[in-house]
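Subject: Structure handover

Hello,

Here is the structure I promised to pass on. Please open it first, then read my notes below.

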Amino acid sequence: MPPGGGGPMKDCEYSQISTHSSSPMESPHKKKKIAARRKWEVFPGRNKFFCNGRIMMARQTGVFYLTLILILVTSGLFFAFDCPYLAVKITPAVPVVGGVLFFFVMGTLLRTSFSDPGVLPRATPDEAADLERQIDIANGSSSGGYRPPPRTKEVIINGQTVKLKYCFTCKIFRPPRASHCSLCDNCVERFDHHCPWVGNCVGKRNYRFFYMFILSLSFLTVFIFAFVVTHVILRSQQAGFLNALKDSPASVLEAVVCFFSVWSIVGLSGFHTYLISSNQTTNEDIKGSWSNKRGKENYNPYSYGNIFTNCCVALCGPISPSLIDRRGYIQPDTPRPAAPSNGMAAYGATQSQSDTAAATPLLQSEPSLASDELHLPGKPGLGTPCASLTLGQPTPPSSMPNLAAEAALTDILPLKEEHVGHQFLTPEEAPSPPGMLAGSPLAHSRTVHVLGLASQDSLHEDSVRGLVKLSSV
């Protein structure tokens, strides 16, 4: 209890003292625990990912949701208002066949929309630098200056010359039939087109699912339209046409949606059937890459010459694995030691810092100035070792000009750390006070020496002459 205090002692909180030594070897290399990130989180393209990277879509997905609504609403109305009547009047197979088509359409749509269409990974900085180095070697770098990489390379496929274009965004030469999608900002292998109705690009890895989607959707649309008309006709025979529309108003809405949709869907299915039979892509057909108008010798090098073989390759061939490991973890970079801030050099400092300090002009000129210019006969120079001082109190200077000369000399010869960014002196390099120099020779060659004062007159004379020489330099 404190003297003079009658109240109870207040509770005191004590902080635990760490018993671990905070040496320079440990503190700069302490790592912070950072949660591992997956590659889809830093994917450079304009894509959206869901379910921890398992689902990959384009950023513009508004039309995709419209597609879902049209299919779900139209099919739902058909199963709710038409199938019960048709199952009784015609056959129970009508809702069964309609259900199989509906689930097949939804499965192929989601498979097309949620999968990787065949995105090509972008070149890493090292790969891009190596490619530019190869381009410089191929073009010849003797002229000097910046030489932009060529836009194309030429390869021969089945006797046909195919140009490979250089992508300045992905820093790669695109393989044959690949193209860069401007909406997704990715190079896609065997690029067909970007379809907003499915919310994704259509390429090598999801083209077969896209084709099966539009083909099955064509059958579903025709199926619903045909049986809706059948339903209205059967009801109109019993109670008249207007009464049939009043009894089943949903059938009118289904018929209108299917009528205006069936033409575009069936036409799109027929167009892609032609492309598959000739082993072409939409991009190649629009550009006329293998058109006979470009020349008689221009032909499609990817066609097998047989419609059946082309269809089997496009629809039944193996699916190539994804080239982007979007669910993989990002490899952490090599940790760098923190910059020292306590006046001590960090443990394991690189040799380049000492080489930089040695290459500083002022530090390079110090030995020559001290040994050649400031050395006088019979007088101790800056290059000579300092005289050892005896134990005891150092003799104070007898005049103030000498102190001013010493301060000026120290300012002209600054410490090494002023020339090299944050190059601090180690405890071995730090100069000792004048009273503790006895018995400890200054062996380090790069330490700032404290001159032993043999006499006040000699120090004053050396200081003045040194100032004159250094100012002239």
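Phe 260 counts as exposed, at 61% relative accessibility. Here, exposed means over 50% relative accessible area, buried means under 20%, and partly exposed lies in between (1.4 Å probe, protein chains only). Phe 259 is partly exposed, at 37%.

Before going on, some ground rules. This is a predicted model, in which local features need pLDDT of at least 70 and side-chain atom pairs count only at pLDDT 80 or more, while totals for chains, interfaces and linings use all residues. Residues are numbered from 1 along each chain as its sequence is written, and side-chain values use heavy atoms, with hydrogens and water left out.

The overall picture

The protein has twelve helices and nine strands. These are DSSP runs: H or I over at least four residues for helices, E over at least two for strands, numbered from the N terminus. Of the 473 residues, 34% are buried. Take contacts with a separation of 6 or more: residues 24 or more positions apart account for 65% of them. A contact means heavy atoms within 4.5 Å.

Aromatic rings

The whole structure holds 15 aromatic pairs. Rings of Phe, Tyr and Trp (its six-membered ring) pair if their centres lie within 6.5 Å; planes under 30 degrees apart are stacked, over 60 edge-to-face, the rest tilted. Phe 102 and Phe 103 pair edge-to-face, 5.4 Å centre to centre with 70° between the planes. Phe 102 is buried at 14% relative accessible area, whereas Phe 103 is exposed at 62%. Phe 259 and Phe 260 also pair edge-to-face, at 5.4 Å centre to centre and 85° between the planes.

Two arginines sit over tyrosine rings. The test is NZ of Lys or CZ of Arg within 6 Å of the ring centre and within 35 degrees of the ring normal. The charged end of Arg 177 is 4.1 Å from the ring centre of Tyr 302. For Arg 235 over Tyr 85, the distance is 4.6 Å.

The cavity

The search finds one cavity of 30 Å³ or more. A cavity is a set of points, on a 1 Å grid over the protein atoms alone, where a 1.4 Å probe fits but cannot get out; lining residues have an atom within 4 Å of a point. The largest cavity has about 40 Å³ of space. Its lining includes Asp 116, Glu 189, Lys 204 and Arg 205.

Best wishes

Methods:
1 Å grid on protein atoms, 1.4 Å probe; cavity = no way out; pocket = protein on both sides within 12 Å on 5 of 7 lines; lining within 4 Å. Points joined across faces, edges and corners; volume = space filled by probe spheres on them.
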